[in-house]
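Trainee: Before I use these terms, I want to see each label tested against its cut-off. Can we go through them one by one?

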Number of protein chains: 2
Amino acid sequence: MSASTMNRVSEKELEDARRAVAALGNSLTPSMLEQTTALYAGLHDLEPPDDVAIIRDRVYGADERHRIDLFKSVSAASDTALLFVHGGGFVAGDKRKPGSPFYENIGIWAARNGFVGATMTYRLAPASPWPAGADDVVAAAAWLADNGSAYGIQNIILFGQSAGAAHVATAIALQEQKLASRGVVGAVLLSGVYDLTIANPNAVSKAYYGEDASLYAARSSQSALVAAKLPMLVGMAEYDPVHFQRQSMGLIQAISAARKVLPPLVQLLGHNHLSGVLHLGLPDDQLGLAIRLFAAGLKA
Amino acid sequence: MSASTMNRVSEKELEDARRAVAALGNSLTPSMLEQTTALYAGLHDLEPPDDVAIIRDRVYGADERHRIDLFKSVSAASDTALLFVHGGGFVAGDKRKPGSPFYENIGIWAARNGFVGATMTYRLAPASPWPAGADDVVAAAAWLADNGSAYGIQNIILFGQSAGAAHVATAIALQEQKLASRGVVGAVLLSGVYDLTIANPNAVSKAYYGEDASLYAARSSQSALVAAKLPMLVGMAEYDPVHFQRQSMGLIQAISAARKVLPPLVQLLGHNHLSGVLHLGLPDDQLGLAIRLFAAGLKA
């Protein structure tokens, strides 16, 4: 890694961010999301990296949000794409906000750590309700399978956070065979929603899943995830809101009850619902380390 | 860190060890323990470190196994001791085996990562049955509190693995107030036994806990751990034997049921019951990172 690509954030800056995140608590509010984003924005380099080639807005479908950015190391080859699916409560979010390091940080980190990075956007509720987000994850993976050879891609690991994790989970639940046939070899599910029957229903999740709670069991991915063959890393944050902790813990319990062993899992110490993905690429990063070890385990 | 203290293990060597550990599976057998130890022994430096002062065999009690080794950075001060309590099935184990890097690696890692390292031995079953091991953990912590000022120690974090975690857990269950009064501010419980009523009873655990299963509920630490105020990091290995996974998962579930949030936890991906502690100090170390973040959180 050249000097220009080393992150120059200090131990003190990381510690200050940690304390501030802890002080924000575990409520998921617009103010918490804004403050968390502000805390981490200054810790990442904003200049374009000279060690990662970025290919923007490749088109994987007909909607204007059917777009993928790709991140490729200029010096090291990889046969595995890490496809990031952002959160945003089913109704918002983007793969990239110009002038912000997010979620560019995830693509760049991936390219520097043995993957071809990929970040995608997808259709949003209420215009595109369930299962549009999951369909878009499958379509994006299929696009990578069809077009990835130009980048050396042979395998794909899906990585969703929050609503993005719910979309990845639903994609596995509804179309595991198709994903496997297109080279998807694993999934990272961070702070997602898997069992709607115990979830915290709110206006935004209803915009995606619908108002009719009698459909929630059938639209939950958890039981299919328990039965799925696809290796999954289940992630959560120490300061995830209580109802999100219940989702991750419920999935882990259901998997361990069925398989007698725990799934691969990671809890991000000192992080809230958002800060874990914003931290990716900085020192002392549990998430990146867990993803690397999970991916290495898939090849073992 | 000077060049002589940088670990020179290669990415390839780590990857080979990972594959070999995965191939060993999750059975806890003498052969597995031997092979795991052999896999990791060669990856650590065996030369005495020039950046860590080691003070051996300080005496904390009347038994010949009442001994502590201390590890202090020659360049950086710390006010927090990390006291490691080894495993060995209640009937075996030591803080150090001359000619082997274990568990010297833990003291050296601690000294290089913001702690004063400490490794202790304790009395063994069958000669010293329950709760001798827990009493010795309390005695060692008290010794550190009484004698630690010479090393700058004001706070203590207990760190037990396997039977060592069972001893730390029992010490918290029986003597939390005394531990707190002597400066114990946190505990790391890795792959321990907390609920004897669902444990896998075998000859060695019976040697410590006794043959009479009607005592096992009262000799279990889990319900006291749930009620404890002491911050605890609950650790486990991906390839822990099934009955050990059940112990960690049971503790995590009991804590989250009572507190509505998960405790700090870490799962060591790609590690078996023993390899996690043998890996400490090498690159890509989830355990060390989690302990550092847990300790930082105690000060936040």
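What follows is a dialogue on labels, values and definitions.

Mentor: This is a predicted model, in which local features need pLDDT of at least 70, side-chain atom pairs count only at pLDDT 80 or more, and totals for chains, interfaces and linings use all residues. Residues are numbered from 1 along each chain as its sequence is written, chains are lettered from A and ligands numbered from 1 in the order in which they are written, and side-chain values use heavy atoms, with hydrogens and water left out.

Trainee: How do you know that the radius of gyration of chain A agrees with a compact globule?

Mentor: The rule is 2.2 Å times the number of residues to the power 0.38, and the radius is taken over C-alpha atoms. For 300 residues a compact globule would come near 19 Å; chain A has 18 Å, so the two agree. Along the principal axes, the C-alpha atoms of chain A fill a box of roughly 55 × 45 × 40 Å.

Trainee: Why is A:S275 called buried?

Mentor: Buried means under 20% relative accessible area, exposed means over 50%, and partly exposed is in between (1.4 Å probe, protein chains only). A:S275 has 0%, so it is buried. The residue lies in helix 9 (residues 275-279) of chain A. Of the 300 residues of chain A, 55% count as buried.

Trainee: What does A:S275 contact, leaving aside neighbours within four places in sequence?

Mentor: A:V21, A:T36 and A:Y40. Contact means heavy atoms within 4.5 Å. In chain A, among contacts between residues at least 6 apart in sequence, 78% join residues at least 24 apart.

Trainee: Why does A:R182 count as partly exposed?

Mentor: Its relative accessibility is 26%, so A:R182 counts as partly exposed. A:R182 sits in the loop between helix 5 (163-181) and strand 6 (184-190) of chain A. Not counting residues up to four places away, A:R182 touches A:A142, A:A145, A:D146 and A:I156.

Trainee: Why is B:Q222 called buried?

Mentor: Its relative accessible area is 14%, so B:Q222 is buried. B:Q222 belongs to helix 7 of chain B. Beyond neighbours within four places, its contacts include B:Y194, B:D195 and B:Q247. B:Q222 and B:Q247 are 25 residues apart along the chain, and their C-alpha atoms are separated by 9.3 Å.

Trainee: And B:S221: buried or exposed?

Mentor: Buried, because its relative accessible area is 3%. B:S221 is in the loop between helix 6 (203-209) and helix 7 (222-227) of chain B. Leaving aside neighbours within four places, B:S221 contacts B:A169, B:T170, B:A173, B:V193 and B:Y194.

Trainee: What makes a set of residues a nonpolar core?

Mentor: The members are buried Ala, Val, Leu, Ile, Met, Phe, Trp, Tyr and Cys residues, joined through side-chain atoms within 4.5 Å. The largest core has 112 residues, and those with the most contacts inside it are A:L144, A:L158, B:L144 and B:L158. A second, separate core of 68 residues includes A:L233, A:I291, A:A295 and B:V21. In soluble globular proteins, nonpolar side chains tend to be buried together.

Trainee: What is noted about phi at A:F90 and A:S191?

Mentor: A:F90 has a positive phi of about 75° and is not a glycine. A:S191 has a positive phi of about 55° and is not a glycine either. Most residues other than glycine have a negative phi, and most peptide bonds are trans. A:F90 is buried, because its relative accessible area is 6%. A:S191 is buried as well, with 1%.

Trainee: Which peptide bonds of chain B are described as cis?

Mentor: One joins B:F102 and B:Y103, with omega about -10°. Another runs from B:A125 to B:P126, with omega near 5°. B:Y103 lies in the loop between strand 3 (80-85) and helix 3 (104-112) of chain B. B:P126 lies in the loop between strand 4 (116-120) and helix 4 (132-147) of chain B.

Technical notes. Helices (H or I, at least four residues) and strands (E, at least two) are DSSP runs, numbered from the N terminus.
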